[in-house]
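Hello,

Here is the structure I promised to pass on to you. Have a look at it first, and then read my notes below.

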Amino acid sequence: MWFIIALIVPFLLVVLFTRVTYNYYVGTLLTVALLVASYVKGYTNELHEVLADIVSTTAGFLYAQKMVKKFKK
């Protein structure tokens, strides 16, 4: 269950923060900051969950990049 959440939530966070700030770098940075804070607090303790977070954040970044390009046209 946690693995599926790790695949979905960072993607949605990047998209949400990008929609609010209209900048995909800021959206990605805010998402990474939240993920690092959760790692430091000890909420994630398995490597495959961390890798799922990285993949999901990368996919969110790429999607947000396309989304912002549509906004600017």
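Y24, Y25 and F61 form one aromatic cluster. Rings of Phe, Tyr and Trp (its six-membered ring) count as a pair if their centres lie within 6.5 Å; planes under 30 degrees apart are stacked, over 60 edge-to-face and the rest tilted. Please keep in mind that this is a predicted model, where local features need pLDDT of at least 70, side-chain atom pairs count only at pLDDT 80 or more, and totals for chains, interfaces and linings use all residues. Residues are numbered from 1 along each chain as its sequence is written, and side-chain values use heavy atoms, with hydrogens and water left out.

The whole structure holds five aromatic pairs. In one of them, the ring centres of Y22 and F71 are 5.7 Å apart and the planes meet at 70 degrees, so this pair is edge-to-face. It joins distant parts of the chain, as Y22 sits in the loop between helix 1 and helix 2 and F71 sits in helix 3, 49 residues apart. (Helices are DSSP runs of H or I with at least four residues, numbered from the N terminus.)

Another pair, Y24 and Y25, is tilted, with 4.7 Å from centre to centre and 40 degrees between the planes. Which of these two is buried, and which is exposed? Y24 is buried, because its relative accessible area is 15%, whereas Y25 is exposed at 53%. The cut-offs are under 20% for buried and over 50% for exposed, with partly exposed in between (1.4 Å probe, protein chains only). F71, at 35%, is therefore partly exposed.

Enjoy exploring!

Technical notes: Helices (H or I, at least four residues) and strands (E, at least two) are DSSP runs, numbered from the N terminus.
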